[in-house]
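Have the viewer open as you read.

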Amino acid sequence: MEEALLKDLTEGFAPTGNEVELHQVIKNALNGYVDEIKVHEGSNSLIAFKKGESKTSLMLEAHLDEVFMVVQDITKEGFLRVVSNSIDSKVLPGSIVLVHGKEKIKGVIGIKPYHLINKEEEHKPYNFDNLYIDCGLPRDELEKVISVGDYVTFIPNFTKVNDYYSSKSLDNRLCVYTIIEVLKALKHIKHQPNIYGLFSSQEEFTALGAITSTFSIFPNAAIALDVTLGVQSEVPPDIGFPLGKGPVIFVGVTATKFLSNKLIETAEEYGIPYQKEGGIYSGTDTDEIELVKSGVPATLVSIPVRYMHTPIEMFDPFDLDKTVQLLKLFIENYSS
């Protein structure tokens with residue numbers, strides 16, 4: 001794993017609908033490795049292209065956006081009220097956040113001192129109605145740089161935790177990293193299909209980037225990449241997937257069977273450990289990609305992550321490396 005690149009990707013900010021800050025990180029990483037890289041103007045997705053030896057095209061897709069909050073109000077005391085549809089408010093007390101106004105400023109999410117909590121309140125979870133961001137500024141100073149509607153994200157916090165790594169926005173920067181590393185490897189590998197790397201916008205709410213950019217590319221086949229639930233406290237093995245056991249290949253109803261089977265065959269041929277996920281809908285951009293125009297054959301490969309949509313998402317670098325290896329070999333041996 002190239003730790004520096006993943007750190008740069010996770011420490012960039014790309015809340016849904018404002019993903020452009022990550023574009024330059026990706027462009028820098030792919031400089032000299034692809035034939036073209038451009039912004040899809042309709043969605044602000046980023047599309048990289050690596051020419052193959054045939055007319056067949058294969059698209060790898062991963063979303064850029066991360067979970068976030070939005071400033072809803074500035075109180076007379078100078079605190080920010082926020083709201084989110086992608087973050088559980090119970091994880092927020094004690095968090096350090098970054099408010100994206102005219103300037104980026106830090107804030108903390110504090111709670112009522114324990115000394116003042118009565119018995120009725122003691123076991124009640126906090127929600128967005130009673131959580132506030134304190135930026136350490138009076139209202140008149142705060143309003144010079146912050147407005148209602150500004151984004152709020154978790155602060156950068158990439159860190160090694162023994163054999164694992166933890167950070168904000170591993171969902172879905174792990175898969176952005178995967179596509180970058182696969183495209184870099186293809187510079188030294190003969191491959192039949194033309195490869196598109198789609199770094200899409202707005203997955204967390206509308207799948208806008210995946211839909212409109214796939215419409216523009218219209219590949220012969222696609223593999224979407226995302227994270228999936230890792231086994232942890234409250235996520236048992238019958239719901240999630242253990243870390244350190246390799247990538248997860250979706251074999252559900254909405255996955256195109258020949259693509260899923262080919263990924264499994266590749267993993268078994270080269271001794272790459274993998275896991276299988278069954279289901280109806282994948283709950284990812286895969287489901288939307290398949291419906292574009294007359295239909296795009298698509299499947300999903302996922303990386304297990306613990307504590308999803310929190311500031312301490314966690315993964316095993318073994319799973320990341322094996323996902324890169326699987327896709328590289330899949331493309332090297334791919335023919336339509």
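Buried here means under 20% relative accessible area, exposed means over 50%, and partly exposed is in between (1.4 Å probe, protein chains only). With that, F68 counts as buried, because its relative accessible area is 10%. This is a predicted model, so local features need pLDDT of at least 70 and side-chain atom pairs count only at pLDDT 80 or more, while totals for chains, interfaces and linings use all residues. Residues are numbered from 1 along each chain as its sequence is written, and side-chain values use heavy atoms, with hydrogens and water left out.

**Aromatic pairs**
- Rings of Phe, Tyr and Trp (its six-membered ring) pair if their centres lie within 6.5 Å; planes under 30 degrees apart are stacked, over 60 edge-to-face, and the rest tilted.
- That rule gives 6 aromatic pairs.
- One of them joins F68 and Y151 edge-to-face, with 5.2 Å centre to centre and 70 degrees between the planes.
- F68 sits in the loop between β3 (57–63) and β4 (69–74) and Y151 in strand β9 (residues 151–154), so this pair ties together parts 83 residues apart in sequence.
- Strands are DSSP runs of E with at least two residues, helices are runs of H or I with at least four, and both are numbered from the N terminus.
- F68 and Y151 also form one aromatic cluster with F205.

**Charges over rings**
- A charge sits over a ring if NZ of Lys or CZ of Arg is within 6 Å of the ring centre and within 35 degrees of the ring normal.
- K293 has its charged end over the ring of F215, 4.7 Å from the centre.
- K184 lies over the face of Y33, 5.8 Å from the ring centre.

**D140**
- D140 belongs to helix α3 (residues 139–142).
- D140 is partly exposed, at 49% relative accessible area.
- Its C-alpha atom is 9.7 Å from that of E77, which is 63 residues away along the chain.
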